[in-house]
Amino acid sequence: MALASRFRRVFTGPSTFCSQFASLRLNSTLTFPKLFISGLSRETTDDQFKEAFNPFGQIVEAKIIRDRATGRSKGFGFVTYTSIEEAEKAREEMNATFLHGWAIFVDPAKPR
């Protein structure tokens, strides 16, 4: 049964639900100027992180999230800009680029 299901997926292509989700993720618009950045190198410092996103506008806050016990980077962070336009520009320019040898991905931050 599982084998038949796998063959069906291979021959019919991706489900419409998956393709709708992918397009929604890529085309979602920002509602506030905070970005979630994933895929950061463990060696990237807060200053380097802020410097990489600085050319796109005035940054209110740039923070790499760290482990409480060890102090090491968890590999993601947040950048907050003064306007949504600046955040959108940074998202377009920095998404799927390399920062210190690692591919980073920029998405809108979700509210807590």
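**Exercise 1.** How many bridges join strand 2 to strand 3, and do they run parallel or antiparallel?

*Solution.* Start with the ground rules. This is a predicted model, where local features need pLDDT of at least 70, side-chain atom pairs count only at pLDDT 80 or more, and totals for chains, interfaces and linings use all residues. Residues are numbered from 1 along each chain as its sequence is written, and side-chain values use heavy atoms, leaving out hydrogens and water.

Next, the terms. Helices (H or I, at least four residues) and strands (E, at least two) are DSSP runs, numbered from the N terminus. Two strands pair if DSSP finds at least two bridges between them.

Now the count. Strand 2 and strand 3 are joined by six bridges and run antiparallel. Lys-63 stands opposite Phe-78 of strand 3. The two strands form a hairpin, with six residues between them. In that turn, Gly-71 has a positive phi of about 80°.

**Exercise 2.** Which residues of helix 3 are buried, and what do they pack against?

*Solution.* Helix 3 covers residues 46–53, and its buried residues are Phe-49, Ala-52 and Phe-53. Seen down the helix axis, these fall within an arc of 90°, so they line one face of helix 3. The arc is that of the directions from the helix axis to the C-beta atoms. On the other side, Asp-47 and Glu-51 are exposed. The buried residues pack against strand 1, strand 2, strand 3, helix 4, strand 4 and strand 5.

**Exercise 3.** Find the strands that strand 5 pairs with.

*Solution.* Take strand 1 to begin. Four bridges join it to strand 5, and the two run antiparallel. Ser-38 stands opposite Phe-105.

Then take strand 4. Three bridges join strand 4 to strand 5, again antiparallel. Phe-98 has Ala-103 as its bridge partner. Strand 4 and strand 5 form a hairpin with two residues between them, and His-100 in the turn has a positive phi of about 55°.

Conventions: Buried means under 20% relative accessible area, exposed over 50%, partly exposed in between (1.4 Å probe, protein chains only). Contact means heavy atoms within 4.5 Å.
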